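Open your viewer, keep the selection tool handy, and follow along stop by stop.

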Amino acid sequence: MGFRAAIRFLTILPVRGGDAPPGQAAAFFPLVGAMLGAAGAGVYLLEEKAFPISFAALATVAFWIAISGVLHEDGLADVADAVRAGRTRERVLSILKDSRIGTYGAVAILLSVLARWQALEYLATPRVVETLIAAQAVPRAAIVAMAWCSRPAGSGLGYALASTLSTPAAMAAIAQGAAAALLCGWRPGLAMIAGSVLIVQASRGWFCVRLGGVNGDCLGFTEQLIEIFVLTMFACRSCAW
């Protein structure tokens, strides 16, 4: 039941059942992410055979955005619109509840798409499948970890996730994320884990100062940062992973 709930939570796939609380489903978030990464790798490799690599990279990013229902991009856009210097905590929270996307949010989504597209186009690793699996599994493990160690702010999906998330479920998700990272090799795997920890801690600290905790939009924002980080890491020409 938790696995089906995770699919329903993270994708637009019509899965029957899956009425488990978000915290219970979170134990399977990285597994669902790994499946999305593997499917994205299939799109990438198939498109690469018939079209230029740039088109294959863009098609992969478009697939991930579509299959996830723009869930994480929405969080990125809301945070970009809301968290600006000089705004009170109450004003920020009210903007986060607003479903409309402003100029800052639109630019944030555009930059996210461009960053992932270009990183995929210039991947500098032979482990394409493993990289794409990690790029989707590790960020989803990270947001579970962030929800587990943070105080929830406001209400909504983020609060529902944090308030029903148990330590065993969080540990299971973190272990899956670490395993997905290490699929790419121990050196890039450890670098990926360390970078993700730093991003989670920095984001958590920032949101705690500005909002008093984290909500679903904060988790989506962090997922996007880590996804970009993972893909960019493997596009680095001088890293020799």
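Which backbone nitrogen does a side-chain oxygen of N215 reach at the start of α12? Select N215 and D217: the side-chain oxygen of N215 comes to within 3.2 Å of the backbone nitrogen of D217. This is a polar contact, meaning a pair of N or O atoms within 3.5 Å; within protein, one must be able to donate a hydrogen and the other to accept it, and residues adjacent in sequence count only if both atoms are side-chain atoms.

Before moving on, please note that this is a predicted model, where local features need pLDDT of at least 70 and side-chain atom pairs count only at pLDDT 80 or more, while totals for chains, interfaces and linings use all residues. Residues are numbered from 1 along each chain as its sequence is written, and side-chain values use heavy atoms, leaving out hydrogens and water.

**Stop 1: helix α12**

Now select α12, residues 216–235. Helices here are DSSP runs (H or I, at least four residues), numbered from the N terminus. The expected span of a helix is 1.5 Å times one less than its number of residues, so the 20 residues of α12 should span 28 Å, and the 29 Å between its end C-alpha atoms agrees with that. Of those 20 residues, 15 are buried, where buried means under 20% relative accessible area (1.4 Å probe, protein chains only), exposed means over 50%, and partly exposed lies in between.

**Stop 2: the salt bridges**

Show side chains next. The structure holds three salt bridges, each a side-chain nitrogen of Lys or Arg within 4 Å of a carboxyl oxygen of Asp or Glu.

- Select E73 and R116, which meet at 3.0 Å, N to O. E73 sits in α5 and R116 in α7 (residues 103–121), 43 residues apart.
- Move to R140 and E223, which meet at 3.4 Å, N to O. R140 is in α8 and E223 in α12, 83 residues apart. R140 is buried, with a relative accessible area of 2%, and E223 is buried at 0%.

Through shared partners, E73, R116 and E227 form one network.

**Stop 3: the largest pocket**

What is a pocket? On a 1 Å grid over the protein atoms alone, a pocket is an open set of points where a 1.4 Å probe fits, with protein on both sides within 12 Å along at least five of seven lines; lining residues have an atom within 4 Å of a point.

The largest pocket holds about 400 Å³ of space. Select L157, G158, N215, G216 and D217, the closest to its centre among 23 lining residues. Helix α5 gives the largest share of the lining, five residues. By class, the lining has ten nonpolar, nine polar and four charged residues.

**Stop 4: the second largest pocket**

Finally, select A142, A145, I174, S196 and V197, which lie nearest the centre of the second largest pocket. This pocket has about 250 Å³ of space and 14 lining residues. Helices α8, α10 and α11 each give two or more residues to the lining. How many of its lining residues are charged? There are none: eleven are nonpolar and three polar. In these classes, Ala, Val, Leu, Ile, Met, Phe, Trp, Tyr, Cys and Pro count as nonpolar, Asp, Glu, Lys and Arg as charged, and the others, Gly among them, as polar.

Definitions and conventions
Grid points are joined across faces, edges and corners, and a volume is the space filled by probe spheres set on the points.
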